[in-house]
Every structure is written in structure tokens, then in C-alpha cells.
Amino acid sequence: MQPIVSISNLSKTYANGYHALKGVSLDIAPGEILALLGPNGAGKTTLISIICGIVNASSGTVRVADHDIIKDYRITRAMIGLVPQELTLGAFDTVWNTLSFSRGLFGKKPDPTYLEQLLKELSLWEKRDSHLRTLSGGMKRRVLIGKALSHEPSILFLDEPTAGVDVELRKDMWALVSRLRQSGVTIILTTHYIEEAEAIADRVGVINNGELLLVDDKRALMHKLGTRQLIMELEDPIDSIPPALQAWMLELSADGRQLIYTYDPLNIHSGIPGLFSAISEAGLLVKDVDTSKSSLEDIFIDLVTTKS
């Protein structure tokens, strides 16, 4: 399948010498949801801004539906909707006129039925005749989403879309994302809410210091890089791990009641049966056993810390 967005060796260096992006290459498939994770200043917004035609790259290329974003900017820009981090709205226009004007900018014919549906999905229908200056921050965020979708783009960029917004908007936002995905829209989002990426993304990319550290299927990533822990609750507490168990690299809980064994789930020779035998031979009785596995947040923190 041909990617709908293809990024090749993309770099950006600002006039002050700051390297915001360093040779980023990435293909995004039609209809997928890709979550880009990274700390502040990692390069997420710069990458999105280049694809959307707001910032010029220093080197490299970007193609959208096989159109170069520089040579064919009218075509590519019309395919893209962007919800920026900042609340960049005028003050004296109405909600309805704002969306209608944005739709017209992309050469789309008026479609009141579509805009009505969109405003209702964003819980803005009752505010359609309100001036933007009278809206709350959360309502303005909804208007930004409406603007990005007003021309029915096939690719939607969401740059920290739920940062600082209320629970209701977040719920509405992800319901809308789900509907858009069903209609075939490709969605790329940056977020600090890793649980959101874990809940809705197909693939996850991790950016740090302008470099794309990895991009992988969410479940495959958690399977390959995640670790699991076997937590064994002892019948009686111990002060230290017996010498006979030192080779297993176990951890002892602060209260001495739990032995914790960290292992690779891909290693079929994890040695768990042998561990239980060794624990028994050491004279310890196991009362209960539990397991835990790495979350996407654990993997993200480990990657960023390791590659910093």
C-alpha cells in the first residue's frame, strides 16, 4: 500500500543554529492513527508544521498522496487539516462564519448540512451564532477542531489536542476521532497523555532531540520492548535474598514480603520453573503470585532516558 504521507531524510535547522529535526524518515499509511510521543522541544510540532506548509525544511522531502508539498502545495494543503496547540482565533466573528470561511478558503462549496453535523458533534451547535470572544477556552478549542475539519480533509494533524481541556471535550474529541477513522481519515497526533496513545493509536513514534527513535505497531512495541515481572508474596518476611538465589537477580520489597523477578516475555527460557524450585530449596514458602507488564509510558520513559 502506498503511503499517504512519505517523509524522507527531513531536517530543520533554525537561524540560531538549533537543530529541531535531524534526518527524520517516516511513512504513514492511509487510514491509520499514528501517535507521536516526545518531551517538550523534541521536534514534534516542527515536523507537523513542515508537513502542513507552515515551516520550511532545511533539507529532505515530504510527499502527500505522492504530491510534493512544495511543488504541489495547493493540492497537499487542501488534503490536510491541522488543530494547532495555540488558540489562534479571531475575536469578533461567529462560530458559524469561522467554519464557513475556513471551508471556503480551500475552495469547497458551501455545505450547511455538513457544518451542522460537525458543530453538533463538537457540542457547538448551540453556540453557532456566538462571537468567538465570548467563548471559554474549551469552546475555542472545539472551534479549532471544527475549522480543521471544515473542508473535509483526508489527513488530520492534532498537535496536543487535549492539553489543558476538560474531560467532556476529551471524550467528544476521541469519539470524533473514532468516527473519522471509520470514514478513512488518516490521523496523526502528538500528545503528552500517553494513555491516549495507548488507547487509540495503531502505531507509536517516539521523537527526542529532533531524532525519530522508533516507529512501530503499538502492540508489537509493547511486546518487543516491554518487560514483565513475576511478583511472589512470601509466607514469612525475610531480611535479605538468600545466597542461593543471588543468580536470579531478584528484588526484595521494602517489607521483605515480596520477591520480584523481571524477565523478557520473548525468552521462552525465562527459567521460571527453575526459579520456583530454587526458592523452595532455599526454604521459602510462596503464598501468592502475581504478574505485571510494562506500560507504553514505561517504554517511552526508558527510550527517552536512554537516548538522551
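The legends below describe close-up views of a predicted model.

The model is predicted, so local features need pLDDT of at least 70 and side-chain atom pairs count only at pLDDT 80 or more, while totals for chains, interfaces and linings use all residues. Residues are numbered from 1 along each chain as its sequence is written, and side-chain values use heavy atoms, with hydrogens and water left out.

**View 1. The open sheet of 6 strands.**
The strand order is β6-β7-β8-β3-β9-β10, and the pairing is mixed. Strands (E, at least two residues) and helices (H or I, at least four) are DSSP runs, numbered from the N terminus; two strands pair if DSSP finds at least two bridges between them. Strands β6 (80–83) and β10 (211–217) are at the edges with a single partner strand each, so one side of each has no neighbour in the sheet. From one strand to the next, the twist averages 15 degrees. Strand β3 (residues 33–37) runs parallel to β8, joined to it by 4 bridges. Within this pair, L34 is opposite I188 of β8.

**View 2. Helices on the sheet.**
Helix α1 (residues 44–51) lies across β3, β6, β7 (155–159), β8 and β9 (203–208), at about 150 degrees to β7. Helix α5 also packs on the sheet, where it touches β6 and β7, and its direction makes about 170 degrees with that of β6. Axes are lines fitted to C-alpha atoms, for helices over the stretch in contact, and angles run from 0 to 180 degrees between N-to-C directions.

**View 3. Strand β1 and its antiparallel pairings.**
Strand β1 (residues 5–13) pairs with strand β4 (residues 59–64) in the antiparallel sense over 5 bridges, with I7 opposite V62 in β4. The pairing of β1 with strand β2 (residues 19–28) is also antiparallel, over 6 bridges, and here V5 stands opposite I28 of β2. The hairpin of β1 and β2 has 5 residues between the strands, and G17 in this hairpin takes a positive phi near 90 degrees.

**View 4. Helix α3 and its buried side.**
Residues V95, T98, L99, S102 and R103 of helix α3 (residues 95–105) are buried. Buried means under 20% relative accessible area, exposed over 50%, and partly exposed in between (1.4 Å probe, protein chains only). Exposed residues F101 and L105 are on the face turned away from the buried side. Among the elements covering the buried residues are α4 (112–121) and α5 (137–149). Just after α3, G107 has a positive phi of about 75 degrees.

T186 is part of strand β8 (residues 186–190). Its relative accessibility is 0%, so T186 counts as buried. Beyond its neighbours within four places in sequence, T186 is in contact (heavy atoms within 4.5 Å) with I4, I28, A29, P30, G31, E32, S154, I155 and L156.

**View 5. Two nonpolar cores.**
A nonpolar core is a set of buried Ala, Val, Leu, Ile, Met, Phe, Trp, Tyr and Cys residues joined through side-chain atoms within 4.5 Å. The largest core has 36 residues, and L149, L156, L158, V177 and I187 have the most contacts inside it. Apart from neighbours within four places in sequence, L149 is in contact with Y114, L118, L156, L176 and L180. A second, separate core has 27 residues, including I28, I48, V64 and I188.

**View 6. Salt bridges.**
With a salt bridge defined as a side-chain nitrogen of Lys or Arg within 4 Å of a carboxyl oxygen of Asp or Glu, the count is 7. One of them joins E32 and R203 (2.7 Å, N to O). E32 is in the loop between β2 and β3 and R203 is in strand β9, so this pair ties together parts 171 residues apart in sequence. At 8% relative accessibility, E32 counts as buried. Another salt bridge joins K120 and E116 (2.7 Å, N to O), which both lie in helix α4, 4 residues or about one turn apart. K120 is partly exposed at 45% relative accessibility, as is E116 at 28%. E121 and R179 also form a salt bridge (2.6 Å, N to O); E121 is in helix α4 and R179 in helix α6 (residues 167–182), 58 residues apart. Relative accessible areas are 25% for E121, which is partly exposed, and 27% for R179, which is partly exposed.
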